[in-house]
Amino acid sequence: MNNKHNPIVSISGISKSYRDLGEQREVLTDASLEVGRGEFVAILGSSGSGKTTLLHLIGGIDTPDAGEIVIDGTELTSLSDTARTHFRRRHVGMVFQLFNLIPTLTVWENILLPAELEGSVDANRRDYAASLLKRVGLGDRTSTFPEKLSGGEQQRVAIIRALAHEPLIVLADEPTGNLDAQNSARVLSILLQLTREAGRTLLMATHDHEIARQASRVCRLHDGALSMQPAAAVV
């Protein structure tokens, strides 16, 4: 699915650089991208190519040096830091390689945290979160703390946290990169199934060509430039 006439994500001419060891390093240069509603786009690139930077810009965690980022009609690049934070909590779900669960919170508290911060937890939200937990085989672990979970279980919790507040887009940064082969396959299957069923737009950073071939399209990131290709063309 790629509705270019009404993209949910539109990136126009963004550039981003960082100061590294006394030198300015260009990470993204005049990059543009459109993603349709409900589409799964894999961002393919080697380690250090800027995949995480791109996701952080789309999620409003960071801001570009130049260019424009529009999510479902909202121009992130024109918002204040506070406004971007509220937008992200309401409309963006994020799944990280290292899970990023809060160790002092239970599974249930971790999952509801984004909605709690926005004051949007109600009975429907709780029921939806509970149903998702059951779907991934963790319905009986709501009172468990992250340290008592395996890596695969923690990532399943992180996926539910990203989806429970029904975001516009889900950003996944190497979500299977810290898991063994068996858990990687299960986590990827869960993430793709749940996002597709809910009609969520998914952007996933990966260096894994097997994962990229399951996407609608692939965005290659190399030397700061973005280029698009069909997933079937990834070799």
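Mentor: Buried means under 20% relative accessible area. Keep that cut-off in hand for this predicted model.

Trainee: What makes both faces of strand 3 covered?

Mentor: Phe40, Ala42 and Leu44 on one side are buried, and so are Val41 and Ile43 on the other.

Trainee: What makes strand 9 a partner of strand 3?

Mentor: Four bridges join strand 3 to strand 9 (residues 217–222), against a threshold of at least two, so these strands pair as well. They run parallel. Alanine 42 stands opposite valine 218 there.

Trainee: Why is arginine 126 called partly exposed?

Mentor: Its relative accessibility is 36%. Buried is under 20% and exposed is over 50%, so arginine 126 falls in between. Arginine 126 lies in helix 4 (residues 123–135).

Trainee: Which residues does arginine 126 touch, not counting residues up to four places away in sequence?

Mentor: Trp108, Leu112, Glu116 and Val121.

Trainee: Which residues have the most contacts inside the largest nonpolar core?

Mentor: Ile111, Ile159, Leu194, Leu202 and Met204, in a core of 39 residues. Strand 3, helix 4 and strand 8 are among the elements that each supply at least two residues of this core. Another core, of 28 residues, lies apart from it and includes Val35 and Phe87.

Notes: Residues numbered from 1 in each chain as written. Predicted model: local features only at pLDDT ≥ 70, side-chain atom pairs only at ≥ 80, totals over all residues. Heavy atoms only, no water. Buried < 20%, exposed > 50% of the residue type's maximum accessible area, 1.4 Å probe, protein only. Contact = heavy atoms within 4.5 Å. Core = buried A, V, L, I, M, F, W, Y, C linked by side-chain atoms within 4.5 Å.
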